[in-house]
Every structure is written in structure tokens, then in C-alpha cells.
Protein chains: 2
Amino acid sequence: MEHMSTEDPAYTAAVSDLLGVLAYGELTAFIRMAVDSDLAPTLTLKSSMAGLAHTEYVQYSQLIEHMGARGIDAEAAMAPFVTPFAAYHERTKPRDWIEGLVKAFVGDGIAKDFYREMSAFVDDETRAVMGLALDDEGQADFVVGVVRDTLKTDRTAAGRLSLWGRRLLGEALSQAQAVAVERDAMSALLVGGGVDLAEVGQMFARLTENHQKRMALMGLTA
Amino acid sequence: MEHMSTEDPAYTAAVSDLLGVLAYGELTAFIRMAVDSDLAPTLTLKSSMAGLAHTEYVQYSQLIEHMGARGIDAEAAMAPFVTPFAAYHERTKPRDWIEGLVKAFVGDGIAKDFYREMSAFVDDETRAVMGLALDDEGQADFVVGVVRDTLKTDRTAAGRLSLWGRRLLGEALSQAQAVAVERDAMSALLVGGGVDLAEVGQMFARLTENHQKRMALMGLTA
């Protein structure tokens with residue numbers, strides 16, 4: 001898939017963008033999950049959610065370290081993504097614990113699927129680093145059981161949370177598009193990788209399909 | 001200092017209390033610091049504050065693991081402290097980034113000093129575990145520089161933040177007292193350790209003195 005040389009400044013800029021968005025995404029996910037863990041109704045659930053947040057931070061740290069070793073200014077790389085992530089989180093503030101939980105599972109899932117798709121277009125070393133930052137070791141699986149239990153006792157939850165999941169997907173894609181328009185280098189990575197519009201379409205189809213699978217796992221409709 | 005046998009059920013109860021309050025304190029500190037890191041004006045500061053939060057989580061995890069290995073039900077041990085910590089954090093919500101920063105430094109400092117004092121009354125193994133959970137490796141030292149810089153540019157900050165520091169100490173001591181009244185076992189640890197009221201008074205004097213030193217480091221009056 002590598003059509004751009006790793007020496008090419010456009011390629012370097014694209015990798016900086018990609019690691020920047022991934023790192024900043026994990027830093028904000030860390031903060032949001034920690035905030036939302038405070039809404040948990042039990043200590044065990046609070047601890048599980050805090051554990052998810054913690055993993056995001058560890059992965060963020062690893063990325064920052066890698067960027068430093070590679071001579072990428074991490075702060076500069078992350079800066080372009082501060083506004084889109086703030087917009088996403090501002091527009092998707094959970095109103096209660098269970099919405100926060102669904103957001104952690106669904107939002108994080110979409111983001112990580114997207115980064116996995118993008119990692120096909122980078123050099124092996126970058127791909128390996130991205131892989132580490134994307135491996136959640138099924139830590140979020142507890143979410144599925146909690147949501148399913150909620151659906152059993154709360155008759156209105158299925159409709160409300162299904163709608164919530166659609167909104168999360170919509171907001172995530174809308175911010176992703178804003179970023180794609182703004183960040184030429186990252187988009188050029190796809191084009192430079194010989195990706196045509198039809199393939200981009202297929203990529204979005206895969207993202208949506210995986211989203212539907214995650215929603216179905218929780219007993220929700222996408 | 002050990003006057004109680006480690007086999008004594010009262011001693012076991014006291015250690016469970018002590019590890020429970022320490023663990024839950026670190027879990028809530030993790031959440032609060034993560035929340036407050038979101039107010040940081042720069043990415044570097046956000047990252048530093050997130051790093052502080054992360055350390056609290058790691059130490060929390062170690063404590064939970066140790067409690068499990070020792071047959072202590074961590075959730076049960078933490079439960080009595082949910083309300084006092086919620087009250088403390090509810091009463092000391094930072095109004096801005098710099099108040100959050102001072103709270104991280106001062107509030108955490110007071111709490112850790114208190115646990116250090118208490119660790120004189122436990123067995124070696126428990127003391128070692130507590131030591132690990134209390135070692136922050138000077139990670140919070142960046143706070144001092146940031147607060148001092150703020151004082152240079154904001155003429156009203158010194159008065160406001162000095163007042164804030166006094167409020168943090170007051171709220172912390174007030175919650176600590178509520179806990180002491182409520183948790184007989186933990187208080188008995190001091191009495192069983194042969195500590196009289198005068199010594200408790202000296203302990204509080206030391207806590208206050210260390211608090212004053214921390215405030216002075218930041219250029220504030222206690």
C-alpha cells in the first residue's frame with residue numbers, strides 16, 4: 001500500500017498528523033472517560049471505567065514518546081485537532097452514566113476503526129506504534145453486559161440509547177470530515193496510497209458496519 | 001510503634017479502613033485531576049496534569065491488587081469513604097484552572113501527609129504498600145512554577161489563592177474529622193499504638209506546618 005516515500009516531506013507531515021490526531025484523541029478520551037466514570041452507580045463500575053480511561057492515557061504516553069524519538073513535535077502535531085475534538089465532546093455530552101458508557105464503547109470504537117484503516121497507508125514502524133495505541137485488549141467489553149442489563153429493566157432505554165448511538169456516529173463522522181478537509185497531508189496519504197473515492201466510500205461502509213455490530217452487541221439498533 | 005497484633009480483628013479492620021480510604025482517595029483524585037486537566041490553557045499543562053491523574057490511578061490499582069492478595073474486599077473497604085470524599089470535592093470545586101492546580105498540589109499534599117503519619121502504626125508489609133502509593137516522585141512540582149508565574153501577571157491571584165488554600169485545608173480537616181468519628185477501628189489504631197491526645201495534636205500541627213510550607217513554595221500565605 002506504500003506509494004509515498006517515507007523521506008517525502010508530505011509523507012512526514014501525514015504521519016505527524018496521524019499520530020497527532022491519535023494521541024490527542026486518546027488524551028481527550030482519557031479525560032472524558034475519567035469525567036464520566038464519576039457518574040458510575042457502583043464502585044466496581046467506577047473502577048472499570050477509570051481503568052478504560054487509564055489505558056487511553058498509557059497509550060497516549062507511548063505515542064508521545066514515539067513522536068519525541070522520531071523528532072516529531074507532539075504538541076504541534078496535536079494542536080490542529082484540539083478544536084474538532086472539543087466540538088465532538090461538546091456536542092456529545094452524556095446526560096447520564098449509561099450514555100457515557102455507550103459513548104466510551106461506540107465513540108472509541110469508531111475512532112479506533114478509523115485509525116486502523118489509516119494504518120494501512122503508513123510504514124511498518126508507524127503501523128506498529130499505532131497498533132499498540134489501538135489495542136484495548138477487550139477492556140471495554142464490560143460495557144456490553146451493563147447496557148444489556150439496563151435494557152432489561154428500563155423499557156425506554158433501547159430507543160433512547162439507539163438514537164444516542166446514531167448521534168455519536170453522526171458527530172464523529174462530521175468531525176472526521178472537517179478534519180479531512182482541513183488536513184491536506186493526511187488526505188493526501190490516502191490519495192498517495194492510490195486510494196480512489198470508491199475505496200474511501202468502502203472504508204466508510206466498513207466503519208458503519210462495525211458500528212452496527214457494536215450497537216447490536218449491546219442490544220441496540222444502529 | 002506496633003502495639004496491636006496483626007492477628008487482632010480490630011487491627012485487621014483498621015488496616016482495611018486505612019487502605020480503603022487511601023485507595024478511594026486516589027481513585028477520586030484521579031477523576032478530579034483528569035476533570036481539572038481539561039481546564040488547562042496549554043497542551044503541555046493538560047498533559048502534565050493528566051500525568052498526575054494517571055499516577056493516582058496506577059497507585060490505586062496497586063492498592064486494589066494488594067488488598068485482593070491480602071483477602072480484603074476492596075469495594076467494602078472503600079465504601080465508607082465515598083460520602084466524605086464526595087463532600088470534600090463538592091465543597092472544593094475549582095472555579096478555574098489555577099484553582100484546580102493549587103488543589104491538586106495542596107489537597108493531595110495534605111492527604112498524603114496524613115497517610116504517612118498513619119503508616120507509622122501499621123505492620124511493615126502494609127507500610128511498604130502505603131509507601132508505594134504515596135510516592136509521587138515530585139511529579140507535582142510543575143505546579144509551583146505555574147502558580148508563581150500566575151502571581152507575577154495577576155495581582156489579585158495571591159489573595160484569592162491564599163484564601164483558596166486555607167479553604168482546602170479546612171475542608172480536608174473537617175472531612176478527616178468526620179471520618180475519624182465514624183471509623184472507630186482506624187482511630188483505635190492510634191490509641192492502640194499508644195498515641196495520646198497530645199500526640200494527635202502534634203500530628204495535626206505537623207500537617208498544618210507542611211501545608212504552610214507547600215503554600216509558601218507557591219508564593220502563597222497559609
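**View 1. A buried pair, A:Lys112 and A:Asp108.** Both A:Lys112 and A:Asp108 are buried (under 20% relative accessible area; exposed is over 50%, partly exposed in between; 1.4 Å probe, protein chains only). Their side chains meet in a salt bridge at 3.2 Å, N to O (a side-chain nitrogen of Lys or Arg within 4 Å of a carboxyl oxygen of Asp or Glu). They sit four residues apart in helix α5 of chain A, so about one helical turn separates them (helices are DSSP runs of H or I, at least four residues, numbered from the N terminus). A:Glu26 and A:Glu56 join these two in a network of salt bridges.

This is a predicted model: local features need pLDDT of at least 70 and side-chain atom pairs 80 or more, while totals for chains, interfaces and linings use all residues. Residues are numbered from 1 along each chain as written, chains are lettered from A and ligands numbered from 1 in written order, and side-chain values use heavy atoms, without hydrogens or water.

**View 2. A link between B:Asp17 and B:Arg183.** Here the closest N and O atoms of the salt bridge are 2.9 Å apart. B:Asp17 belongs to helix α1 of chain B and B:Arg183 to the loop between α8 and α9, 166 residues apart. B:Asp17 is buried at 4% relative accessible area, whereas B:Arg183, at 25%, counts as partly exposed.

**View 3. Around B:Phe30.** Leaving aside neighbours within four places in sequence, B:Phe30 is in contact with residues including A:Phe30, A:Ala34, A:His54 and B:Tyr57 (contact means heavy atoms within 4.5 Å).

Conventions
Helix = DSSP H or I, 4+ residues; strand = E, 2+ residues; numbered from the N terminus.
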